[in-house]
Amino acid sequence: MFERFTKAARGVVKGAAEHAERSGAEAVTAEHLLLALLDREGTRAAGVLGRICPAERRPALVAALADARRRAGLSRADSEALAGLGIDVDAIVARVEAAHGAGALSGRRRLSGRRPFSREAKSVLENSLRVALARKDREIGDEHLLLALTTAGGVVAETLADHGVTYAAVDAALAARSAL
């Protein structure tokens with residue numbers, strides 16, 4: 001599959017691995033793929049992200065990802081569902097952090113060496129192929145990775161949607177770019 005990746009898409013995968021390594025994560029996740037996409041300049045996905053989620057709004061997006069990481073990866077919907085059962089996730093996080101330090105639930109440890117890709121990240125990579133095939137594209141570009149992230153479910157897709165980055169918005173922006 002990786003032979004179909006464009007230079008830009010390969011750059012995202014490499015950047016995701018670098019993000020995982022810098023943060024001490026055990027594995028490369030969908031969050032790392034998104035962070036690597038946000039780092040890119042001059043690519044199709046970078047252009048689309050620039051239109052939908054301009055640079056001045058990106059710190060809020062990154063902060064939302066960090067907040068979810070602090071909650072052990074629970075999405076807002078997960079937290080709301082638990083609240084409906086009488087479980088206050090924020091209170092639990094606060095107690096755990098009081099006992100074990102800030103970020104104790106984030107799953108970050110200082111490791112050295114290569115990181116494997118999480119099941120979620122592998123799914124995004126596989127779905128990027130499906131997206132490319134559905135769009136009748138011969139190669140998998142970083143725009144296909146972005147589209148796959150919007151449909152992945154979970155924290156990353158929720159955070160993207162909260163910032164206006166949905167499959168429909170990305171698809172429309174790509175169509176507008178192609179029409180130019």
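This is a predicted model: local features need pLDDT of at least 70, side-chain atom pairs count only at pLDDT 80 or more; totals for chains, interfaces and linings use all residues.
A polar contact is a pair of N or O atoms within 3.5 Å; within protein, one atom must be able to donate a hydrogen and the other to accept it. The side chain of Ser 128 reaches the backbone oxygen of Leu 125 at 2.5 Å.

The protein has ten helices and zero strands. From the N terminus on, its elements run α-α-α-α-α-α-α-α-α-α. The chain holds 180 residues, and buried residues make up 41% of them. Contacts across the sequence are also counted. Among those between residues at least 6 apart in sequence, 68% join residues at least 24 apart. The accessible surface comes to about 9700 Å². Carbon and sulfur atoms account for 53% of that surface.

Helix 4 covers residues 58-70. With 13 residues at 1.5 Å a residue, helix 4 should span 18 Å. Four names make up the buried set of helix 4: Arg 58, Leu 61, Leu 65 and Ala 68. Seen down the helix axis, these buried residues fall within an arc of 85°, so they line one face of helix 4. The spacing fits a general rule. An α-helix has 3.6 residues a turn, so residues three or four places apart point the same way. The buried residues of helix 4 pack against helix 2 (30-39), helix 3 (44-52) and helix 9 (154-162).

Ser 128 sits in helix 7, which covers residues 119-134. Its relative accessibility is 0%. Buried means under 20% relative accessible area, so Ser 128 counts as buried. Ser 128 is then in contact with Phe 5, Ile 140, His 144, Leu 145 and Ala 148.

Lys 136 lies in the loop between helix 7 and helix 8 (142-151). Is Lys 136 buried or exposed? Its relative accessible area is 73%. The cut-off for exposed is over 50%, so Lys 136 is exposed. The backbone of Lys 136 also stands out. Most residues other than glycine have a negative phi. Lys 136 is not a glycine, yet its phi is positive, at about 60°.

How values were computed: Residues are numbered from 1 along each chain as its sequence is written. Side-chain values use heavy atoms; hydrogens and water are left out. Helices (H or I, at least four residues) and strands (E, at least two) are DSSP runs, numbered from the N terminus. The expected span of a helix is 1.5 Å times one less than its number of residues. Buried means under 20% relative accessible area, exposed over 50%, partly exposed in between (1.4 Å probe, protein chains only). The arc is that of the directions from the helix axis to the C-beta atoms. Contact means heavy atoms within 4.5 Å. Accessible areas come from the Shrake-Rupley method with a 1.4 Å probe; for residues, only the protein chains shown count as cover.
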